[in-house]
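Here is a short report for a reader meeting this structure for the first time. Look over the sequence and the model before reading on.

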Amino acid sequence: MGTHINARKGDVAETVLLPGDPLRAKWIAETFLEDAICYNQVRGMLGFTGHYKGKRISVQGSGMGVPSALIYYHELITNYNAKTLIRVGTAGSFQKDIGLRDVILAMSASTTSSINDERFPSAHFAPTADFELFQKAVEFARSQKIPIKAGNILTHDMYYEDDMEDYKRWAAYGVLCVEMETAGLYTIAARQGVKALSVLTISDSLVTGKVTSPEDREQSFSDMVNIALNIA
């Protein structure tokens, strides 16, 4: 049993989908999984285990930002033996050719977070996706004719910045979008020897100012979830 996940041994599957929003975890469980059972309600961070096409899958909310998410990633890996962690989250576009509801596969994650400064005080660790999961995601998306874009993303510690034009620095170097958890996920996965991938859906654009509704962010984006479930 973990401090923040109140589940018994065996309640959590080896493959876990990881939305930040616990209500999106509930939606995924109710929409896609068969015989889903809620194993965690601590702090309202819902977790469920069920079956998808005969395979046992869990889905666990992780909260917003690297510090919150790392708590759940750590407990899933060390206390519940999770082997494959797939983030299914939202992101803000940095590029004019990436619009609302586009699906992004995060090959790597630049970050403004200082999570790795203590680990590598005189160097910079580059958090990257698991190649096998990434390759499977590309192949499945192509087979289903789901348009995807893949590349470097930014994991940011701040949701509201003083300078809202700062994204252009990152965009100039080809960074696709911004979110708040992936660098933490890829780092802990590398350290613990497990597989990880972030599959993201664009919920807003810093280029155009367009945004999706809270309801869309909670209960849509099924292309992203289908990719995650079918590569699991």
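## Overall build

This is a predicted model. The protein chain contains seven helices and nine strands. Its radius of gyration is 17 Å, close to the 17 Å that the globule rule gives for 232 residues, so the chain is as compact as a globular protein of that length. Along the principal axes, the C-alpha atoms fill a box of roughly 45 × 40 × 30 Å.

## Surface and charge

Of the 232 residues, 53% count as buried. The accessible surface of the protein chain comes to about 11,200 Å². Carbon and sulfur atoms account for 50% of that surface.

Charged side chains come in two sets. There are 23 positive and 27 negative ones. The centres of the two sets lie 6 Å apart.

## Helix α5

Helix α5 covers residues 182-192. Eight of its eleven residues are buried, so the helix is largely enclosed by the rest of the structure. The cut-off for buried is under 20% relative accessible area.

Which residues of α5 are buried? They are T182, A183, G184, L185, Y186, T187, I188 and A189. In general, an α-helix has 3.6 residues a turn, so residues three or four places apart point the same way. After α5 comes G193. The phi of G193 is positive, near 70 degrees.

## Y159 and its loop

Where is Y159 found? Y159 sits in the loop between β7 and α4. Strand β7 spans 148-155, and helix α4 spans 167-171.

Leave aside the neighbours of Y159 within four places in sequence. Y159 is then in contact with M64 and M180. V12 is 147 residues from Y159 along the chain. The C-alpha atoms of Y159 and V12 are separated by 31 Å.

## Cysteines

How many disulfides does the structure hold? The number is zero. A disulfide would need a pair of cysteine sulfur atoms within 2.5 Å.

C38 is partly exposed, because its relative accessible area is 32%. C177 is buried, because its relative accessible area is 0%.

Methods
Residues numbered from 1 in each chain as written. Predicted model: local features only at pLDDT ≥ 70, side-chain atom pairs only at ≥ 80, totals over all residues. Heavy atoms only, no water. Helix = DSSP H or I, 4+ residues; strand = E, 2+ residues; numbered from the N terminus. Rg over C-alpha atoms; globule rule 2.2 N^0.38 Å. Buried < 20%, exposed > 50% of the residue type's maximum accessible area, 1.4 Å probe, protein only. Areas by Shrake-Rupley, 256 points an atom, 1.4 Å probe, with all protein chains shown as cover. Lys, Arg positive; Asp, Glu negative; His and termini not counted. Charge placed at Lys NZ, Arg CZ, Asp CG, Glu CD. Contact = heavy atoms within 4.5 Å.
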